[in-house]
Amino acid sequence: MEKFLGLPPDAAAHGAEIDFLVGLVHWLMFVLFTGWAIYFIFTLIRFRSSKNTYANYHGVRSRYSTYIEAAVIVVEAVLLVAFSIPIWAKRVDAFPAEQNSTVVRIVAEQFAWNIHYPGPDGVFGRTSLSLVGTDNPLGLDRSDPAAKDDIATINQLNVPVGKPVVIHLSSKDVIHSLNLPAFRVKQDAVPGLNIPVWFVPMKTTDAIREEMTGSFDVAGAVSTQTTIRLPAVETVRLEKGGARDDMILTSDVEDKEGSTVMSAGDDLSADNVDLMLESGVTEVRARQKTVFDRYLSMADYTDGEGNAIISMHESFGPDAVTGLLNAGITEVKARLRSNLDPWMVMETVTAPDGAVLMTKGDYLGEEHLTAAAAMGMTTILVAPFTPTEIACAQLCGLGHYRMRGYMDVQTADEYRTWVDEQEAALRDLYGVPADADPTQVSASDHEEHAQ
Ligand SMILES: [Cu+2]
């Protein structure tokens, strides 16, 4: 059942428990749904009007429905008492000791996650509402000695693997919901409340990526290559009330004195047409508004003087299309954008001449797909770039979907290196914190550990 549900990869110590419970609940729902559907069809046939001309005032006489209802209640009670409540109790009661955990504060806002580490001294510095600003979203008071070593990031949560993480969650504006899908954490962030939540990450982000590696269909992506005919540039006679909302100007429009009335790209809406007529303009050059931004250019196009209009792999924005038409180019080579989610290349690809086209860890770009296809490759090994993201599971506003953070579960060494880098940057800004442990904030001599 859990496989059938397509749950995200599980990288938390308590993940299996949650997935098991999710599976059980779905089994119950599956049985209930099937049962009700069968019962519904049975009643439609059994009580059809042709066989039941008169109403029956006795109703049901058998006791089967009561037994079934009782059985459903018992199953639900067992799910609740035997599974759900114990799992929940562990989540909210059995918190690990903070001195053995990675402790962070997360303050949600529209639309970002502000992340606050106490630094090597283990003490969160003072924060103040009056200090909150665009460059200090947490309102951290750096004059407080405990705050000098505090690391503050936006949308970037780094934690070491295998060690409990305790998050103190709050919100600045509305209710958000911290969702770490790979770690089976989902907790509302409520303004005015400080809600702790904990989990133990058991796999590094790199390891999860290895697990999720699969092949990307290069051949399919480049098979969409085609030739696009661009819309022709026409001369349009302007008339009072003659709006052409489907058209846009292909050149700037000037009045008799030579001042610009409209610019290329403006449309022939009723207001714009009126404005041009008032300025004495009666004829303009325009084209159909057709949008081509799903397509990428498959060549470099330049105008007569050799100025670039659009380069290989750029998408055909409205200005580029107008530029091409003005340069007399009416047909272009293009292919559909592959709608690439951020994929990471998981293999090294070398051209026949030995040049390295892409290495493991690269962002899979459109240029990679073209290059791989040119070499005759049909697939590339890829994995999600951010398999361990932070999402907001609450409709907290119109930009809610933008509220995505990156979580990086690192090895202990990688995490220490990251902390050292952050501390070094802070020392440059604020000097050495007075009460920090000097052995922990000494300059980093760690090498970047490649997995
Ligand atoms: Cu939100």
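In the predicted model, the domain assignment divides the protein into four parts: domain 1 (15-93), domain 2 (98-205 + 388-441), domain 3 (210-221 + 339-384) and domain 4 (226-336). Domain 2 and domain 3 are each assigned as two segments. The centres of domain 1 and domain 3, taken over C-alpha atoms, are separated by 49 Å.

The largest nonpolar core comprises 36 residues, of which V104, I106, L178, L180 and F183 touch the most other members. Strand β1 (residues 102-109) makes the greatest contribution to this core, supplying five residues. With residues up to four places away in sequence left out, the contacts of L178 are I106, A108, L169, V185, Q187, A189 and I390. Another core lies apart from the largest one; it has 13 residues, including F216, L369, I380 and A383. In soluble globular proteins, nonpolar side chains tend to be buried together.

L369, one of the members of the 13-residue core, belongs to helix α7 (residues 366-374), where the buried residues are H368, L369 and A372. These three lie on the same side of α7, because they cover an arc of only 100 degrees around the helix axis. The elements covering the buried residues of α7 include α4 (218-222) and the strands β22 (343-345), β23 (349-350), β24 (356-358) and β25 (379-384). Just after α7, G376 adopts a positive phi of about 90 degrees.

Terms used
Residues are numbered from 1 along each chain as its sequence is written. This is a predicted model: local features need pLDDT of at least 70, side-chain atom pairs count only at pLDDT 80 or more; totals for chains, interfaces and linings use all residues. A residue is buried if 20 or more other C-beta atoms lie within 10 Å of its own, exposed if 12 or fewer, and partly exposed in between; C-beta atoms are placed from the backbone. Helices (H or I, at least four residues) and strands (E, at least two) are DSSP runs, numbered from the N terminus. The arc is that of the directions from the helix axis to the C-beta atoms. Two residues are in contact if their C-beta atoms, placed from the backbone, lie within 7 Å. Domain bounds come from an automatic or database domain assignment. A nonpolar core is a set of buried Ala, Val, Leu, Ile, Met, Phe, Trp, Tyr and Cys residues joined through C-beta atoms within 7 Å.
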